[in-house]
Amino acid sequence: MLIRNHTQGQRSETLFRNICERDKIEIRKSTTQQDRYQHIDFFVKFKSQERSIDIKSTKKLNGRFQDELFYIELANDSGNTGWIYADKMCLVGFECFENFMVYRRDKLLEYIISQGIDTFRSMSRQKDKSLCILLPKKEVEHLVYYILYK
């Protein structure tokens, strides 16, 4: 399962990079260190400013891919702080069926805190210490920073 998720993530990252190149958006790959420890996949230039971004692939819910709920990692597999708290990562790009919706990470975190973390449906796995909340896309559409169409 982990290998399949990793492969899905790599496909999403490749697709994101290809779309940026198609649309003449400057993009460069992060270092392995930045990717692993700072949750930065790329540096991309949107709105005349280069920013770090982490790309999130579509996720399955009840065995089917869906793009109505975004998985927000509060705690990672080891129980450490999840990517939503990664202060070096400026943007997060969620793959949806028709586009990538790009958000400022800090604005998503502010929204989640303002609503109360406990108000969102949460998910954890028995095999590790991860904790995610499911954030409805429709609740944060007003926070979109940029949209890249497939």
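Analyst: A definition to start: rings of Phe, Tyr and Trp, the last by its six-membered ring, pair if their centres lie within 6.5 Å. Note that this is a predicted model.
User: How many aromatic pairs does a search of the whole structure find?
Analyst: The search gives 7 aromatic pairs.
User: Take Phe 46 and Tyr 146. Why is that pair stacked?
Analyst: The planes of Phe 46 and Tyr 146 are at 25°, and planes under 30 degrees apart count as stacked. The ring centres are 4.1 Å apart.
User: Where do the two sit in the chain?
Analyst: Phe 46 is in strand β2 and Tyr 146 is in strand β11 (residues 144–149).
User: Is Phe 46 buried or exposed?
Analyst: Phe 46 is buried, with a relative accessible area of 1%. Tyr 146 is partly exposed at 27%.
User: Which residues do ring pairs link into a cluster?
Analyst: The cluster holds Phe 70, Trp 83, Phe 94 and Tyr 103.
User: What about charges over rings? Which ring does the charged end of Lys 47 sit over?
Analyst: That of Tyr 145, at 4.2 Å from the ring centre. Lys 150 also has its charged end over a ring, that of Phe 100, 5.9 Å from the centre.
User: Switching to salt bridges. How many does the structure hold?
Analyst: There are 12 salt bridges. One of them joins the side chains of Glu 26 and Lys 45, at 3.9 Å from N to O.
User: Which parts of the chain does that pair link?
Analyst: Glu 26 is in the loop between α1 (2–22) and β1 (27–29). Lys 45 is in strand β2 (residues 42–46).
User: What is the N to O distance for Asp 54 and Lys 56?
Analyst: Their side chains meet in a salt bridge at 2.7 Å. Asp 54 is buried, with a relative accessible area of 5%. Lys 56 has 14% and is buried because buried means under 20%.
User: Next, which residue does Lys 137 form a salt bridge with?
Analyst: With Glu 68, the closest N and O atoms being 3.8 Å apart. Lys 137 lies in helix α4 (residues 137–140), and Glu 68 is in the loop between β5 (64–66) and β6 (69–75). The pair therefore ties together parts that are 69 residues apart in sequence.
User: Is Lys 137 buried or exposed?
Analyst: Lys 137 is buried, at 9% relative accessible area. Glu 68 is partly exposed, at 48%.
User: Which residues do salt bridges that share partners join into one network?
Analyst: Glu 13, Lys 29 and Asp 35.
User: Backbone now. What is phi of Lys 24?
Analyst: Phi of Lys 24 is near 60°, a positive value in a residue other than glycine. Lys 24 is in the loop between α1 and β1. At 73% relative accessibility, Lys 24 is exposed.
User: And Asn 62, where is that found?
Analyst: Asn 62 is in the loop between β4 (59–61) and β5. Its phi is positive too, near 55°. Asn 62 is exposed, at 72% relative accessibility.

Key:
Residues are numbered from 1 along each chain as its sequence is written. This is a predicted model: local features need pLDDT of at least 70, side-chain atom pairs count only at pLDDT 80 or more; totals for chains, interfaces and linings use all residues. Side-chain values use heavy atoms; hydrogens and water are left out. A salt bridge is a side-chain nitrogen of Lys or Arg within 4 Å of a carboxyl oxygen of Asp or Glu. Helices (H or I, at least four residues) and strands (E, at least two) are DSSP runs, numbered from the N terminus. Buried means under 20% relative accessible area, exposed over 50%, partly exposed in between (1.4 Å probe, protein chains only). Rings of Phe, Tyr and Trp (its six-membered ring) pair if their centres lie within 6.5 Å; planes under 30 degrees apart count as stacked, over 60 as edge-to-face and the rest as tilted. A charge sits over a ring if NZ of Lys or CZ of Arg is within 6 Å of the ring centre and within 35 degrees of the ring normal.
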